[in-house]
Each structure stands twice: as C-alpha cells, then as structure tokens.
Amino acid sequence: MDKKSQKKRHIIIVSNRLPFILKKTSDGNIEIGKGAGGLVTAMAAVLKNRNGIWVGWPGYIQETDSDGSMLPVIQSAASGYSVKPVMLNSYELQNYYEGFSNSILWPLFHDFTDKCMFLPEYWKSYKEVNKKFALTVYQNAEDSDFLWVHDYQLILVGSQLRKMHIENKIGFFLHIPFPPIDTFARCPWRCELLSAMLEYDLLGFQTIQDKRNFIGCLKKIIQHAEIDERNERDQTVSEVQFVDKLVRIGVFPISIDYKEMFFKAKDNKAGKRVEEVRKNRPDSKILLGVDRLDYTKGIPEKLKAFRRFLILFPKFHKKVHFIQLVVPSRNEISAYANLKLEIEQLVGEINGRFGTSGWLPIQHMFRTLDNDELISLFRTSDIAFIASLKDGMNLVAKEYCACNVDEKGVLILSEFAGAAQQFYKDAILVNPHDIEGTAMAIYRAFTLPLEERMQRMGNLRRNIKNKDVFWWLDSFFNAAFEKDLPTLPLGDEYFPCNFVERMPEKDSVFSLPASV
Ligand code: ADP
Ligand code: F6P
C-alpha cells in the first residue's frame, strides 16, 4: 500500500451555513446562537466527533478579512471537528446569499418562479463566493480527504475545485427539490449550473422524483451527457458519462439522529416540561406546527385550514390549541418580511374571531427555541401539522415521530414534502392548497381511534429508526466508494411518485354540516 492510501480519509463538509450563528452584541461581546434549518441539524449529527472539517459561513457580516478575534469563538462552538469559516461581506450577502441563492435558486427549485429575480449581478457574486468557498477547501484538503459539498448555495464549488486541479473524490448533496425541465429551463444560467454539477463524482437527491427531474434536464440541456439507460432505474445509482467524466446519481432521503432525539424525549427533564405544557391546557388537544419562516412551508394555508376546521367543528372550540412556532429566516428579503405580516394578521384575525377570555386558539411564537423546549413540545403534542407547498424532505416530520415516545400522536403531512414518499402509508396526507380537505384532515387526526394512531406512529418510528441520518451517510458513502453500482436501500415502502391516489373519506367529506 502506498503512503497516500494508508492515510486516514477525513471528511470535509462544505455548506453555506455552519451549525451556529455568531452575533456581536451592542456591548461588543460575541454571542452564539443555533443555526436554523434541516441541513445543519443533519450535518451536525454526522460530523460530531469525526475529526473532520466543516467549511461554512458563521452568519456574521464582516467587511474586512482581518478580524481574527472570531476564530477561537467559532472553534469553541464545534464538537469533535474543526471549523474553517468563510466570511461574507454585505455585498456578498446581498448578491450571493439573498440574491442568487434565495431570490433565484430557492424559489426556482421550489416552483415559485414568480419570486425569481434573474439579475446578472447575482450570478456574478454567486460565482465569486463559490470560488471563495472552494479556495478555503483547497487550502485545507489533504489528497485522501472526501470533499462533500452541500446544497443550492454552493453548486459551483466542485467545478471551482477542479479548476484548482483538485483530484479528490467530491460529492454533492442537494437538500432541496430539483425542478422539472419546464421550470429549470427558465434560468438564464441553466447550462452553467448543470455542467458544473457534472464535475462531481456523486450527486445525491432527496427523492426519486428529484433524480428523474435532474436526468430530464440533462437530456434536454446538455448535449454530450451520455446517460446509461440500463442504469436509469429508480432504485439504482445511475451513471452519466460527460466528456471524460463518469458521474453517479442517486437518491438518499436525509434523516435525523433518531436515537439522540428519542433518548432526550424519554428523559425525565422532558417529562417535567411536558407536565408544564399540559398544566396550562388541561383536557385540551395540541396541534403543533414548527417551521422556518418561509413561503414554501404553507404557514398561511395551515392557518386558513385551522380556521375552516373551527368553523366546521364548533364542538372543538376551547378543546384545541394550535401552537405554531416560526423560526426567523432571511428577514432582509421582502417576500419573507411580507409573509411574517400575513401570518401575524391571520393569527390575530382567527384569535379575535374565535377566542374567549379563557381560550386562545392559536399560540404563535416567532423565535428559535432551545432543543429541550422543542423536544418536549414534540413529545406532548397530539398532532404535528406540516403543510409545505414544496419541501426537499422536512426533518420536523421525523423529529416529531422520534420524540413521540408514547406513540399516540398523529402526523399530518403535506404530499409535497419529500418525507411523504417515505411516510405516505402512515401519515395523514394533505394537499395544502385544498383548505377544505386539510380542515377535514385535522378533524380526522383528532378522531382517529387510539389503536390506529399507535399502529401508524409505531410504523413511522420504526421507519425513521431504521433509516436515520447514519443510514443516510452510509448509503451516500457506499454510492461514492463502491466499485460496482450499488442498489439504493430505499426499501419497498418508498413511493417513487409524487402523488398517492386517495379516495375521498366517506364519513368526512359527505357528512359536512349543510350550513357551513
Ligand atoms: P428547512 O431545512 O427547510 O428549514 P426542515 O424541517 O428540514 O426544514 O428543518 C428545520 C429544522 O429547524 C429542524 O431541525 C427543526 O427542529 C428546526 N427548527 C424549526 N423551527 C424551529 C424553532 N422555532 N426553534 C428551533 N428550531 C427550529
Ligand atoms: O435545508 C434547506 C436550507 O436551505 C439549508 O440549506 C439552509 O441552511 C436552511 O434551509 C436555512 O436557510 P438559511 O441558511 O438561509 O437560513
């Protein structure tokens, strides 16, 4: 064995965000907060105590590159890996982050094309910042390291690394959906983005549909991409030959550290908090929503469905509390600021209309909760309510089930979340655009017999336990390193299509009170 192959392979994770956010307080001190989003939740579990490196932005704006005082603080927040921060200045924040990433790729990939602003200066800055991330990787990578780039903010990092003559294996995982050709084709830089993706050794997607969409785009847009049709099967890693490069493409539904969540939820401390939550709402049912502030999450649709539920079923008045947590996100972008106002207006309107002196139907919290608080809310809530209009996976769905230790809870899940392809049999699926149908689903969830609830929740939890974030990591690594093309271990239950044919529920749809 030569010296090179004897070296232990380390992993270098590259993502826009680090798992924490630094802020300078008014008295000049540095404060550390929790980073938002599914990516950091999953990757923090993966990298913990693995001795790898995480390259990312600590959420802090810095106009010059010279401020070394942050480094020890940044490093102290990481457990068992080292951190290489990439600092952004306000121009980059506006054009790369708020611009190309979140006013082009985010809305485009989530099918909100009306929110896309295809400005050339955004593209220019995206290229520059991707190069900046690549340079940090270049300066820290050993020959044997596996480089793993994450998400839509950093699509060009792989091609930038190749330009720097980096020959390491490089993987890319897209945490958000990949759009169909009709949508993707609107992007003026579609060709550049796709050909940059073909510089990776392995491309990972959340669902079979995302992989199909990507291959569909390649076929129409990239002339010299040769797709091996024999391997273009849903449960197998496919291969594409592009010039002299062979790229693997697979489906890897991301997950959570099930065991950690489960044990924390079982813990006595969580039990005590559960009692506190319940004390303020004796004999009432709790419906829980936990989302980042984002127009893709369908929060107004959820509130409207809840309003409809209260209109249809007055017998539930004073017996239901809807707790909706919203973690602040991307607040400089007007679509997000407007959404915040819309949510606040709806909450005010519904509480004003239905509330009484002793009952506030909706409790809305706009902040990041600490882990313990969140876990006890997951454990105690009767229903988790997820109504994304489009979502790569949605880890909240998995977190809720992992924490539901008594297995009596119900998961209401949008069929437009990636998680629906794993959970379509045991969650109550909703089309969030269908307000009436979603209101009926809330009713159904509240009236599901205990035995059926336990059966469904047991299945959901087993599924997540078997396919946790470490299973996801192993599947990705197998696909990157196995010589033969691996079959993806998605399992038979995985639904390889967007929609599940559902007959209307007889007892619900046809027995609506005539007056409503
Ligand atoms: P996304 O990546 O689009 O934000 P996910 O559902 O995959 O969506 O991940 C969201 C993550 O953020 C989850 O780990 C969830 O627990 C966390 N989260 C969401 N809302 C809050 C909140 N108010 N406080 C703390 N954490 C939150
Ligand atoms: O999981 C999707 C994701 O977009 C991540 O890439 C991102 O880190 C997260 O949601 C939160 O968004 P932001 O980093 O813009 O606050």
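Biologist: Why is E260 called partly exposed?

Modeller: Its relative accessible area is 31%. Buried means under 20%, exposed over 50%, and partly exposed lies in between (1.4 Å probe, protein chains only), so E260 counts as partly exposed. This is a predicted model, where local features need pLDDT of at least 70 and side-chain atom pairs pLDDT 80 or more, while totals for chains, interfaces and linings use all residues. Residues are numbered from 1 along each chain as written, chains are lettered from A and ligands numbered from 1 in the order written, and side-chain values use heavy atoms, without hydrogens and water.

Biologist: What makes E260 and K48 a salt bridge?

Modeller: The term asks for a side-chain nitrogen of Lys or Arg within 4 Å of a carboxyl oxygen of Asp or Glu. Here the N to O distance is 3.2 Å, so the pair qualifies. E260 lies in helix α10 and K48 in the loop between α2 and β4, so parts 212 residues apart in sequence are tied together. (Helices, H or I, of at least four residues and strands, E, of at least two are DSSP runs, numbered from the N terminus.) K48, E260 and K264 are linked in a network of salt bridges.

Biologist: And R292, buried or exposed?

Modeller: Buried, at 12% relative accessibility. Its salt-bridge partner D294, with closest N and O atoms 3.2 Å apart, is buried too, at 0%.

Biologist: Why is strand β11 described as largely enclosed?

Modeller: Because six of its seven residues are buried.
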